[in-house]
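Hello,

Here is the structure I promised to pass on. Please open it first, then read my notes below.

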Amino acid sequence: MKLKKTLTYQNHTYSFLSDNTHEVLENPKEILFVKTPLNEKYSPFIAEKNLAILDFNELKNYFDFKMKIVGITGTNGKTTTASLMYSLLLDLNKKTALLGTRGFFINDKRIKEKGLTTPTLLELYSDLEEAMRLKCEYFIMEVSSHAIVQKRIAGLDFALKILTNITSDHLDFHKSIENYKNAKNSFFKDEGLKVINRDETNALFNPINAHTYALDKKAHLNVQAFSLTPSISASLCYQQDLRNPNLKEIALMHSPLLGRYNLYNILAGVLGVKLLTQLSLEAITPLLENFYGVKGRLEILHSKPLVIVDFAHTIDGMQQVFESFKNQKITALFGAGGDRDKTKRPKMGEVASYYAHKIILTSDNPRSENEEDIIKDILKGISDSSKVVIEKDRKKAILNALENLKNDEVLLILGKGDENTQIFKDKTIFFSDQEVVKNYYQHLKQG
């Protein structure tokens, strides 16, 4: 990480910080080594050369980020909620940065392509410095459970933290659902400002400075009435003090987004922006009409018949998507990631079996695993095998589904969202669900 200005540590001045021992050993005069939980086993190599070591907890003493940092975590909804807040703040003429699964953006310009949901600590500090240089007032970021455990957000003072939901994911890393829940909830133990989904039964948080939203339970931001057809419309009600029902704001809202779970994302985003800016609901809600969602998240690729691509790769995520189309005939096309939590695969099959009248099982990112073995794991949860078609080649699977799709059906292509690669054991290829669908309908028009 190249510093915007030099850093003096133990009477020596440095121009760079690095968590890579090789870089530091090559240029110890210019580069200061930063010890993190991920590299501490290598720090003896630095110590034996009598070189300085800066502990990651000390980083905050050398940086002053004079902007409001917002951290959003949850199993599902992080990307849409973060992107929605980014859109609202930009529409309110606030200089804003967005960092997450889709990449790094500042003031509507992409600075970096997508990488980890939450980058390494030094990359994060570098991104924050860049946002400061461009005079951002707000820095919206997705915070993964991995990043919380690995302390990749150490030293940051969050102006606001948001919890969307907690279901089940990344058990290959966390080993148990309890560890996963604890990791998410540990983000909300302080007394700072926080926005919590009150309908989430797994949420455990410090109630001091907690503001809530919900569809079912009483919360600071509730919905008085709503419609999900054809897209989301709702009457929102905000009460700053739940003990005083006479003090409340009401505003109507319309959004091009689809589905009940996107209504939750809207509530989280609107409440977050309201708390940050202190603006009225009526000043914020009209701007929702300008946000058309995130590529690969409930993205409509064709209308008649309806073809949708979504990133849903957890049981809860899939159920939320299915619920959005439960009154239609659903064809569900999906696989499961290799080298990841195997326990969820039969449950993914089970939830698809409940909602879909036809299931097409294919590959996702198989990584080092055999594609057939992953599909067999999913099949264990499907009671009626007569509704299942197996085609491990994802492109062929999508083309077959499109060829057989009737006008009264909806095809849900799940799991990869806006990813444009497919990862196998010995290769990574370019692959985009969107491209396959768009090319199919283009050829159909030309033909």
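**Two helices side by side**

Helix 10 (residues 315-324) packs against helix 11 (residues 344-355) at an angle of about 10 degrees, and their axes are 9 Å apart. Angles under 35 degrees count as roughly parallel, so helix 10 is roughly parallel to helix 11. Keep in mind that this is a predicted model.

Which residues of helix 10 make the contact? They are Ile315, Met318, Gln319, Phe322 and Glu323. Helix 11 brings Lys344, Lys347, Met348, Val351, Ala352 and Tyr355. By class, this contact of helix 10 with helix 11 has seven nonpolar, one polar and three charged residues.

**The cores**

The largest nonpolar core has 43 residues. Met85, Ile140, Leu221 and Leu236 touch the most other members. Helix 8 (residues 260-277) gives the most to this core, with ten residues.

Leaving aside neighbours within four places in sequence, Met85 is in contact with Val70, Ile72, Ile140, Leu160, Ile162, Gly269, Gly272, Val273 and Leu276.

**Leucine 89**

Leucine 89 sits in helix 3 (residues 78-91). Is it buried or exposed? Leucine 89 counts as buried, because its relative accessibility is 0%. Beyond neighbours within four places in sequence, leucine 89 is in contact with Lys94, Thr96, Tyr138, Ile140, Val273 and Thr277. Alanine 312 is 223 residues away along the chain, and the C-alpha atoms of leucine 89 and alanine 312 are 27 Å apart.

Best wishes

Methods: Residues are numbered from 1 along each chain as its sequence is written. This is a predicted model: local features need pLDDT of at least 70, side-chain atom pairs count only at pLDDT 80 or more; totals for chains, interfaces and linings use all residues. Side-chain values use heavy atoms; hydrogens and water are left out. A nonpolar core is a set of buried Ala, Val, Leu, Ile, Met, Phe, Trp, Tyr and Cys residues joined through side-chain atoms within 4.5 Å. Buried means under 20% relative accessible area, exposed over 50%, partly exposed in between (1.4 Å probe, protein chains only). Helices (H or I, at least four residues) and strands (E, at least two) are DSSP runs, numbered from the N terminus. Contact means heavy atoms within 4.5 Å. Axes are lines fitted to C-alpha atoms, for helices over the stretch in contact, and angles run from 0 to 180 degrees between N-to-C directions. Angles under 35 degrees count as roughly parallel, over 145 as roughly antiparallel, 65 to 115 as roughly perpendicular and the rest as oblique. Ala, Val, Leu, Ile, Met, Phe, Trp, Tyr, Cys and Pro count as nonpolar, Asp, Glu, Lys and Arg as charged, and the others, Gly among them, as polar.
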